[in-house]
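The model under discussion is a predicted one.

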Amino acid sequence: MTAKINKSVEIAGTRYEMLGTMNDGDCKVRLKNTKGEVVEMTCDSFIDQLNNGTARYL
């Protein structure tokens, strides 16, 4: 059995670990910052930030 490695992402200078996506009517990305706080953002917002360069995979 292998451990699942979550992807790291940096958004506006803050590093997050991607926990996954969920769909409760709106697609959301779940992220955990270095303090252990879980943050959710819409998938559209996350994709827009990747496209405009304010977010990047590490």
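Helix α1 is followed by Gly53, a residue with a positive phi, near 90°. This helix covers residues 43-52.

Within α1, the residues Cys43, Phe46 and Gln49 are buried. Viewed down the helix axis, the buried residues of α1 fall within an arc of 130°, so they line one face of the helix. In general, an α-helix has 3.6 residues a turn, so residues three or four places apart point the same way. On the other side of α1, Asp44, Asn51 and Asn52 are exposed. The buried residues of the helix pack against β1 (8-11), β2 (14-23), β3 (27-33), β4 (38-42) and β5 (55-57).

**The nonpolar core**

The largest nonpolar core has 10 residues, namely Val9, Ile11, Tyr16, Met18, Val29, Leu31, Met41, Cys43, Phe46 and Ala55. Two or more residues of this core come from each of β1, β2, β3 and α1. Leaving aside residues up to four places away in sequence, Met41 touches Ile11, Cys27, Lys28, Val29, Leu31, Phe46 and Gln49.

**Aromatic and charge contacts**

How many aromatic pairs does the model hold? The count comes to one aromatic pair. The ring centres of Phe46 and Tyr57 lie 6.2 Å apart with the planes at 80°; planes over 60 degrees apart count as edge-to-face, so the pair belongs to that class.

| Residue | Relative accessible area | Class |
|---|---|---|
| Phe46 | 5% | buried |
| Tyr57 | 42% | partly exposed |

Tyr57 also has a charged neighbour: the charged end of Lys7 sits over the Tyr57 ring, 5.5 Å from the ring centre.

**Values for the whole chain**

Of the 58 residues in the protein chain, 21% count as buried. The chain exposes about 4,300 Å², and carbon and sulfur atoms supply 47% of this area. Among contacts with a separation of 6 or more, 25% are between residues 24 or more positions apart.

Terms used
Residues numbered from 1 in each chain as written. Predicted model: local features only at pLDDT ≥ 70, side-chain atom pairs only at ≥ 80, totals over all residues. Heavy atoms only, no water. Buried < 20%, exposed > 50% of the residue type's maximum accessible area, 1.4 Å probe, protein only. Helix = DSSP H or I, 4+ residues; strand = E, 2+ residues; numbered from the N terminus. Arc of directions from axis to C-beta. Contact = heavy atoms within 4.5 Å. Core = buried A, V, L, I, M, F, W, Y, C linked by side-chain atoms within 4.5 Å. Phe/Tyr/Trp six-rings, centres within 6.5 Å; stacked < 30°, edge-to-face > 60°. Lys NZ or Arg CZ within 6 Å of the ring centre and 35° of its normal. Areas by Shrake-Rupley, 256 points an atom, 1.4 Å probe, with all protein chains shown as cover.
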